[in-house]
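Subject: Structure handover

Hi,

Here is the structure I promised to pass on. Please open it alongside this email.

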Amino acid sequence: MRTTLTLDDDIAEKLRNLAHRRQLPFKEVVNAVLRRGLSPGGNRTPPTTPFQLRTFRSGFRAGVDPQRLNQLVDELQVQEAVGRKL
């Protein structure tokens, strides 16, 4: 069926981008998106609980990166090993 449809600019841009990424005609992408949105259970991902981050106290002050401390230890060990060889 042929019909005229007026889309908001942001929706049209998203559909164009999706068509370009999937290398499909614009018409095919619009139909697929409409089918998915109108089908029962169109939102296939079940709602999840919000992610919560559990915090803990650390022995390090703010701004101290423990990963960088490991790198420092490695560098000191290399310097020590090189110093012994000389």
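Below is what was found in it, going from the overall fold to single residues.

**Overall**
Please keep in mind that this is a predicted model. The protein has three helices and zero strands. Read from the N terminus, the order is α-α-α. Of its 86 residues, 7% are buried. The exposed surface comes to about 9000 Å². Carbon and sulfur atoms supply 54% of that area.

**Pocket**
The largest pocket has a volume of about 360 Å³.

**Nonpolar surface patch**
A nonpolar patch sits on the surface, formed by F60, V64, L69, L72 and L76. Together these residues have about 400 Å² of accessible area. One of them, V64, is in the loop between α2 (26-38) and α3 (66-85). Is V64 buried, partly exposed or exposed? Its relative accessibility is 37%, so V64 counts as partly exposed. The cut-offs behind that label are under 20% for buried and over 50% for exposed.

**Salt bridge**
How many salt bridges are there? The count comes to one. R16 pairs with E13, and their closest N and O atoms are 2.9 Å apart. As background, side chains of opposite charge can pair when their charged atoms come close. Both partners belong to helix α1, three residues apart, so about one helical turn separates R16 from E13. R16 is partly exposed, at 45% relative accessible area. E13 is partly exposed too, at 38%.

**A backbone detail**
Please take a look at Q23. Its phi is near 55 degrees, a positive value in a residue other than glycine. For context, most residues other than glycine have a negative phi. Where is Q23? It lies in the loop between α1 (9-22) and α2. Q23 is exposed, with a relative accessible area of 72%.

**To recap**

Best wishes

Note on methods:
Residues are numbered from 1 along each chain as its sequence is written. This is a predicted model: local features need pLDDT of at least 70, side-chain atom pairs count only at pLDDT 80 or more; totals for chains, interfaces and linings use all residues. Side-chain values use heavy atoms; hydrogens and water are left out. Helices (H or I, at least four residues) and strands (E, at least two) are DSSP runs, numbered from the N terminus. Buried means under 20% relative accessible area, exposed over 50%, partly exposed in between (1.4 Å probe, protein chains only). Accessible areas come from the Shrake-Rupley method with a 1.4 Å probe; for residues, only the protein chains shown count as cover. Patches are made of residues with over 30% relative accessible area and no salt bridge: like charges are joined within 9 Å, nonpolar side chains (Val, Leu, Ile, Met, Phe, Trp, Tyr) within 5 Å. A salt bridge is a side-chain nitrogen of Lys or Arg within 4 Å of a carboxyl oxygen of Asp or Glu. On a 1 Å grid over the protein atoms alone, a cavity is a set of points where a 1.4 Å probe fits but cannot get out, and a pocket is an open set with protein on both sides within 12 Å along at least five of seven lines; lining residues have an atom within 4 Å of a point. Grid points are joined across faces, edges and corners, and a volume is the space filled by probe spheres set on the points.
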